[in-house]
Amino acid sequence: MNKDKMILRTRFIERASHWLMVICFFTVALSGLSWFFPSLNGLNAVFGTPQMARILHPFFGVVVFLLLVFLFIRFVRYNLPEPEDRIWFRNVPQVLAGKHEPALQIGKYNAGQKVLFWGIMGLISLLLVSGVVIWRPYFAPLFSIPVIRIGLLVHALAGIGLILLVIGHAYLAFWVKGSIRGMVTGYVSHRWAKTHHDRWYRQISAKQDGKVK
């Protein structure tokens, strides 16, 4: 790969944080799912034993939260609502069909990615708060039984919601060819950027032209 002919999309610290978060998330998700049904108990093996899963699940959950907070700080400015987002929403059928006409005026992230971004941050916040409420033996004794029951329900629903969002995110990343490579190497082609993030591509090109001059 000739980096001179590519565009830097994500820096190393962002990619490293993302993939570390992915690893931690799947260990937390699998161990969490193992407590829903007896038939899923085998998923506890991700932490070795059921006892270790009970101990490590919340700690790894906190790591996921902290990594997402770091990524939030890095990416929030690109995920704020913009007037151009309405163009993407009006053309969702064309986007799903792989068509990019008319020009969608997409910045570094499209409107769908922004919805996903805020959805993930909202759900991980719910998981943190509810997780603290039900975290034995450290915090649960501080709350009443009714509050703990509500915490368990919120934690379960938020967990399922977050898993579904992550599955959707992963599917779309594989569906849009070149996205995975961009998150592994940090670089995307000019064609990819121009096709999927046309406004961001123009902004990057203008900056590069300015440096050359």
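Me: Leaving out residues up to four places away in sequence, which residues does Ile124 touch?

Reply: One thing to keep in mind is that this is a predicted model. With sequence neighbours up to four places away set aside, Ile124 touches Val64, Phe65, Leu68 and Leu162.

Now step back to the core around that spot. Ile124, Val64, Leu68 and Leu162 are, with Met21 and Phe25, the residues with the most contacts inside the largest nonpolar core, which has 23 residues. Helix 1, helix 2, helix 5 and helix 6 are the elements that each give it two or more residues. Helix 5 is the biggest giver to this core, at seven residues. In domain terms, at least three residues of the core come from domain 1 (8-78), and at least three from domain 3 (113-175). A separate core of eight residues lies apart from this one, and Trp192, Ala193, Trp200 and Tyr201 are among its members.

Next, the open space. The second largest pocket has a volume of about 870 Å³. It has 30 lining residues, and those closest to the pocket centre are Gly32, Trp35, His57, Ile134 and His155. The elements giving two or more residues to that lining are helix 1 (12-33), helix 2 (50-75), helix 5 (111-134) and helix 6 (145-175). Here helix 6 gives the most, with eight residues. Sorted by class, the lining comes out as 22 nonpolar, six polar and two charged residues. Domain 1 and domain 3 both contribute to the lining, so this pocket lies between them.

If you follow the chain out of helix 5, look at the loop that runs between helix 5 and helix 6, where you'll find Pro137. The peptide bond joining Arg136 and Pro137 is cis, with omega at about 5 degrees. For context, most peptide bonds are trans, and most residues other than glycine have a negative phi.

Gln105 sits in the loop between helix 4 (92-96) and helix 5. Its phi is near 55 degrees, a positive value in a residue that isn't glycine. Gln105 has 24% relative accessibility, so it counts as partly exposed.

Searching the whole structure turns up one cavity of 30 Å³ or more. The largest cavity holds about 30 Å³ of space. Gln105 is in its lining, along with Glu84, Asp85, Trp88, Leu104, Ile106, Asn110, Ala111 and Arg199. By class, that makes four nonpolar, two polar and three charged residues.

Finally, the whole chain. It has nine helices and two strands, and along the sequence the order reads β-α-α-α-α-α-α-α-β-α-α. The C-alpha trace spans about 65 × 35 × 30 Å along its principal axes. Of the 213 residues, 38% count as buried. As for contacts between residues at least 6 apart in sequence, 67% join residues at least 24 apart.

Notes
Residues are numbered from 1 along each chain as its sequence is written. This is a predicted model: local features need pLDDT of at least 70, side-chain atom pairs count only at pLDDT 80 or more; totals for chains, interfaces and linings use all residues. Side-chain values use heavy atoms; hydrogens and water are left out. On a 1 Å grid over the protein atoms alone, a cavity is a set of points where a 1.4 Å probe fits but cannot get out, and a pocket is an open set with protein on both sides within 12 Å along at least five of seven lines; lining residues have an atom within 4 Å of a point. Grid points are joined across faces, edges and corners, and a volume is the space filled by probe spheres set on the points. Helices (H or I, at least four residues) and strands (E, at least two) are DSSP runs, numbered from the N terminus. Ala, Val, Leu, Ile, Met, Phe, Trp, Tyr, Cys and Pro count as nonpolar, Asp, Glu, Lys and Arg as charged, and the others, Gly among them, as polar. Domain bounds come from an automatic or database domain assignment. A nonpolar core is a set of buried Ala, Val, Leu, Ile, Met, Phe, Trp, Tyr and Cys residues joined through side-chain atoms within 4.5 Å. Buried means under 20% relative accessible area, exposed over 50%, partly exposed in between (1.4 Å probe, protein chains only). Contact means heavy atoms within 4.5 Å.
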